[in-house]
Amino acid sequence: LLNRISDQTHYEEALIILMNQYVFEEKYDTAYQLFQSIKSAALQQEALYNLAIGFAKNADSEGLDNVLDLIAEDDFKDKALHDSGQEFAKLGLAEEAVDYALSIKNYSLYESALIEAAAYLGASDNTSFVILKLQQINEVDLFNKCLENYSYSLVKNLKSNDIEKVQEYIK
């Protein structure tokens, strides 16, 4: 069916759609082979972003790191770091969520990544470790905003007993 597409751009867009399905099915080798057929630099970056998110959704930080190394454009890399961090946060993986967010160069994405990740980290099993990771944030106002979102996340995840630990750090 792909052979019937004569326009190169449409062909590569179809490859991305097919590649996304393989990512969803966790068939990363096949998805990467399809990626290698894409010649357009912009579509390559889009395809790498999609691969990155697929690895993040499956908590595969090694695969994600390999893909991040291939992303050449800072805007795509920051977006991939932001969205990957959110996926790790949804899984309750505080270390990866915060570390990826801290790697973002664009300040507005950096800030939103940390705030949004904190809003999901109530799913994490270890409140003390989440607080320890959030303490890596150097800006006091941002740190406090993240703690506030983390507190709401604890309530949402029915962990209101852990809020006292968080309140000790709010200034």
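Tyr32 and Phe35 lie three residues apart in helix α2 (residues 28-35), a separation of about one helical turn; helices are DSSP runs of H or I with at least four residues, numbered from the N terminus. The model is predicted, so local features need pLDDT of at least 70 and side-chain atom pairs count only at pLDDT 80 or more, whereas totals for chains, interfaces and linings use all residues. Residues are numbered from 1 along each chain as its sequence is written, and side-chain values use heavy atoms, without hydrogens and water.

Four aromatic pairs were found in a search of the whole structure. Tyr32 and Phe35 form a tilted pair, at 5.5 Å centre to centre and 35° between the planes. Rings of Phe, Tyr and Trp (its six-membered ring) pair if their centres lie within 6.5 Å, with planes under 30 degrees apart counted as stacked, over 60 as edge-to-face and the rest as tilted. Tyr32 is partly exposed, with a relative accessible area of 34%, whereas Phe35 is buried at 9% (buried, under 20%; exposed, over 50%; partly exposed, in between; 1.4 Å probe, protein chains only).

The pair Tyr107 and Tyr110 is also tilted, because its ring centres are 5.5 Å apart and its planes lie at 40°. Both residues belong to helix α7 (residues 107-120), three residues apart. Tyr107 is partly exposed at 42% relative accessible area, and Tyr110 is buried at 9%.

Conventions:
Helices (H or I, at least four residues) and strands (E, at least two) are DSSP runs, numbered from the N terminus.
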